[in-house]
Amino acid sequence: MRIKNRDIGIKYPPLIIAEIGINHNGDINIAKKMVDSAKRAGVEIVKHQTHIVEDEMSPEAKKVIPGNSEKSIFQIMQECSLNYEDELELKNYVEKSGMIFISTPFSRAAVDRLVSMDVPAFKIGSGECNNYPLVEYICKFKKPIILSTGMNSIESVSKSVDIIKKNKLQYALLHTTNLYPTPFNLVRLGGMQKLMKVFPGVPVGLSDHTINNLSSYSAIALGASIIERHFTDTMDRVGPDIICSMDELTCKELIQSSKNIKSMLGGKKEAAMEEKITSNFAFSTVVTIKEIKSGDVFSYENIWVKRPGTGEIPAEKFNDLLGKISNKSFKIGEHVKYSDFH
């Protein structure tokens, strides 16, 4: 998968997405401060949420209170959304900072807005994963898609994937748990591994709603290609997603650690060439422990294995020498060579 100039997949460094989402509380100036902070942390992609509340929700939403707030979901999104001019300004600011801007649309009007802004890709949230009419509408615009799959089964995810594949679009899948914050025991990385198995060859990752980087590190160790976390410039801000957000320092640690973890994966169970400097002193080779004359028989009494490992005959070959006849005389502490016996 590719978004602009960023290749995404198991062969590439994990992509860390900083989701400022609605953490700016509808203030473009705060949003810009978050972008500046993300830039300093080394972020490549900043993700926003595009809410056009009248097209997104019915009046009934005014009665629905999320678990992480005392306000209705309608009021939250109304207060936290950016208008067209501010969101376009935010997109331009992200791109001038050298990062990629993507967003999650929650309605057709939001999709249309993002298309008019020429975003390079769409992020579809978990709540829209089984909103097949909206998924179909998004696919009409032929842009890469990152699809979150929280609250959904393999069966419901597969239906959206079929729509995306029918439109011949590049896509990635994110496992997540939609609790803010998510307790560690409900992260369920087995769900991410299941996505990898059911959708082979597709970049898979984790949208992490826990309170630190541990789940993200674990996901990368299991092969995640994408990590998405909510982002804020300071944890002192107020908002429903701040508690599960990372700040600049935590984000910087995640980006660097993700590269380090990626570099640890793979390899074979064999000695690395770089270990030679250690094996030279750590391994043992065959040495004499008594004076030996030519014609003497090697035994436990006159040879043994000792460090360093710079001798010719390694400890694993010790038993092969027992009973062999020495061709030469030895002082105590000399390393034995294959040419020294018959």
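A charge is said to sit over a ring when NZ of Lys or CZ of Arg is within 6 Å of the ring centre and within 35 degrees of the ring normal. In this predicted model, the charged end of Lys62 meets that description over the ring of Phe74, 5.0 Å from its centre. Lys328 likewise has its charged end over a ring, that of Phe330, at 4.9 Å from the centre.

Phe330 also belongs to a cluster, in which ring pairs link it with Phe298, Tyr338 and Phe341. Rings of Phe, Tyr and Trp (its six-membered ring) pair if their centres lie within 6.5 Å; planes under 30 degrees apart count as stacked, over 60 as edge-to-face and the rest as tilted. The structure holds seven aromatic pairs. Among them is the pair of Tyr300 and Trp304, which is tilted, with 6.4 Å centre to centre and 40° between the planes. For Tyr338 and Phe341, the ring centres are 6.4 Å apart and the planes stand at 55°, so this pair is tilted.

Buried means under 20% relative accessible area, exposed over 50%, and partly exposed in between (1.4 Å probe, protein chains only). Tyr300 has a relative accessible area of 48% and is therefore partly exposed; Trp304, at 40%, is partly exposed. Tyr338 counts as partly exposed because its relative accessibility is 41%, whereas Phe341, at 14%, counts as buried.

Residues are numbered from 1 along each chain as its sequence is written, and side-chain values use heavy atoms, with hydrogens and water left out. Local features need pLDDT of at least 70 and side-chain atom pairs count only at pLDDT 80 or more, while totals for chains, interfaces and linings use all residues.
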